[in-house]
Amino acid sequence: MSTLVSYRIDKYHEEIMLLKTRIEESDAKYNKLKESFDSMNKKKFLVSDIQVFLIFKGNEEDDFDKMQLEKYIKDRYQDLLWKEVKSIDMDLVVKLVDEDIYRIENKNYRLGVNRVLISDVFKIWVTVKKID
């Protein structure tokens with residue numbers, strides 16, 4: 001039994017090391033691509049990152065739900081990455097998640113856009129209210 005457990009642990013460790021290597025390679029490729037892209041487009045102001053700030057109404061904050069909501073909102077705004085800031089329509093951007101209802105397990109959350117800031121980093125503040 002001990003040998004079997006040891007073998008499985010070794011296999012998992014090997015898989016983790018392989019994944020870490022792939023992540024490092026992908027990060028290096030991404031950084032080189034970003035540098036070359038930045039050097040080509042010095043005159044253009046592009047969105048390079050998305051940050052989501054959640055404001056919970058009441059004491060309903062749950063870490064798992066918070067992570068799920070942040071992922072949902074970032075996925076909705078993924079198309080803004082590497083777009084020129086001047087070409088982004090603010091009204092459409094706000095309406096993507098404003099007044100959305102997001103369901104996690106048996107809980108419903110109503111989302112409302114509080115503030116939006118677009119520069120090289122797209123920042124959005126979203127109020128989250130749990131619906132009974």
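What follows is a chat about contacts, backbone angles, a pocket and some distances.

Q: What should I know before we start?
A: This is a predicted model, so local features need pLDDT of at least 70, side-chain atom pairs count only at pLDDT 80 or more, and totals for chains, interfaces and linings use all residues. Residues are numbered from 1 along each chain as its sequence is written, and side-chain values use heavy atoms, with hydrogens and water left out.

Q: How many salt bridges does a search of the whole structure find?
A: The search finds 3 salt bridges. The term means a side-chain nitrogen of Lys or Arg within 4 Å of a carboxyl oxygen of Asp or Glu.

Q: Which side chain meets lysine 107 in a salt bridge?
A: Aspartate 65 does, at 2.8 Å, N to O. The pair links distant parts of the chain, with lysine 107 in strand E3 and aspartate 65 in helix H2, 42 residues apart. Helices (H or I, at least four residues) and strands (E, at least two) are DSSP runs, numbered from the N terminus.

Q: Is aspartate 65 buried or exposed?
A: Aspartate 65 is buried, at a relative accessible area of 1%. Buried means under 20% relative accessible area, exposed means over 50%, and partly exposed is in between (1.4 Å probe, protein chains only).

Q: And what does aspartate 75 pair with?
A: Aspartate 75 and lysine 71 meet in a salt bridge of 3.2 Å, N to O. They are 4 residues apart in helix H2, so about one helical turn separates them. Aspartate 75 is partly exposed at 45% relative accessibility, and lysine 71 is partly exposed at 49%.

Q: Which residue forms a salt bridge with arginine 110?
A: That's glutamate 99, with the closest N and O atoms 3.5 Å apart. Here too the pair links distant parts of the chain: arginine 110 is in strand E3, glutamate 99 is in the loop between H3 and E2, and they are 11 residues apart. Arginine 110 counts as partly exposed, at 34% relative accessibility.

Q: What's the phi of glutamate 99?
A: Near 65°, a positive value in a residue other than glycine. Most residues other than glycine have a negative phi.

Q: Where does glutamate 105 lie, and what is its phi?
A: Glutamate 105 lies in the loop between E2 and strand E3 (107–118). Its phi is positive, about 55°, although glutamate 105 is not a glycine. Glutamate 105 is exposed, with a relative accessible area of 58%.

Q: Switching to rings: how many aromatic pairs are found in the whole structure?
A: The search finds 3 aromatic pairs. One of them is tyrosine 77 with phenylalanine 122: the ring centres are 4.9 Å apart and the planes are at 45°, so the pair is tilted. Rings of Phe, Tyr and Trp (its six-membered ring) pair if their centres lie within 6.5 Å; planes under 30 degrees apart are stacked, over 60 edge-to-face, and the rest tilted.

Q: Where are tyrosine 77 and phenylalanine 122 in the chain?
A: Tyrosine 77 is in the loop between helix H2 (63–76) and helix H3 (90–95), and phenylalanine 122 is in strand E4 (residues 121–131), 45 residues apart. Both are buried, and tyrosine 77 has a relative accessible area of 0%.

Q: What sits over the ring of tryptophan 125?
A: The charged end of arginine 115, 4.2 Å from the ring centre. A charge sits over a ring if NZ of Lys or CZ of Arg is within 6 Å of the ring centre and within 35 degrees of the ring normal.

Q: Which residues line the largest pocket?
A: The lining consists of Arg76, Tyr77, Asp79, Leu80, Lys83, Ser87, Ile88, Asp89, Leu92, Val93 and Leu96. By class, the lining has 6 nonpolar, 1 polar and 4 charged residues (Ala, Val, Leu, Ile, Met, Phe, Trp, Tyr, Cys and Pro count as nonpolar, Asp, Glu, Lys and Arg as charged, and the others, Gly among them, as polar).

Q: What counts as a pocket there?
A: On a 1 Å grid over the protein atoms alone, with a 1.4 Å probe, a pocket is an open set of points with protein on both sides within 12 Å along at least five of seven lines, and lining residues have an atom within 4 Å of a point.

Q: Last one: how far apart are lysine 57 and threonine 21 in space?
A: They are 41 Å apart, C-alpha to C-alpha, and 36 residues apart in sequence. Threonine 21 is in helix H1 (residues 2–40), while lysine 57 is in the loop between strand E1 (49–56) and H2.
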